[in-house]
Amino acid sequence: MIHIDALWLSAAPLDMRAGMDTLLAQVVRVFGEAHPHHAYLFSNRRGTRLKVLVHDCFGVWLACRRLNQGRFHWTEYQGGVALTRAQFDALVLGLPWQRLGDGGVIRTL
């Protein structure tokens, strides 16, 4: 099992052909450094694909997800954004994670 302490979302779109080394360089560029047990999320420009990079102290994990319908709801902020576990769960399902408040309450933007 992969242990994850923090989830980070990169606002800049990414070329999905990028591999682990390119993503790791992007993490350092956007977040300053790659922390162990942190997951970093990236999306393509259309918002239909997602890549997750996890540093686990021994190596780097890379996972992909593609939506067959709809798009991932991405952020309009620059740089990176910290996500809660509930926001991450909503994001990977294609739900509007920005509207998720404390305790799973959905609010208006």
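Exposed means over 50% relative accessible area, buried means under 20%, and partly exposed lies in between (1.4 Å probe, protein chains only). At 59% relative accessibility, C64 counts as exposed. This is a predicted model, in which local features need pLDDT of at least 70, side-chain atom pairs count only at pLDDT 80 or more, and totals for chains, interfaces and linings use all residues. Residues are numbered from 1 along each chain as its sequence is written, and side-chain values use heavy atoms, without hydrogens and water.

**The sheet**

- Helices (H or I, at least four residues) and strands (E, at least two) are DSSP runs, numbered from the N terminus.
- Two strands pair if DSSP finds at least two bridges between them.
- Strand 2 (residues 38-43) and strand 3 (residues 49-55) run antiparallel, joined by six bridges.
- F42 stands opposite K51 in strand 3.
- In general, strands of a sheet pair through backbone hydrogen bonds, either parallel or antiparallel.

**The helix across the sheet**

**Salt bridges**

- The structure holds two salt bridges. The term means a side-chain nitrogen of Lys or Arg within 4 Å of a carboxyl oxygen of Asp or Glu.
- D15 pairs with R17 in a salt bridge, with the closest N and O atoms 2.7 Å apart. D15 is partly exposed at 39%, while R17 is exposed at 73%.
- R85 forms a salt bridge with D89, and here the closest N and O atoms are 3.0 Å apart. Both residues lie in helix 2 (residues 85-92), four residues apart, about one turn of the helix.
- R85 is exposed, at 56% relative accessible area. D89 is partly exposed, at 31%.

**Cysteines**

- A disulfide is a pair of cysteine sulfur atoms within 2.5 Å. By this rule, the count is zero disulfides.
- C57 is partly exposed, with a relative accessible area of 44%.
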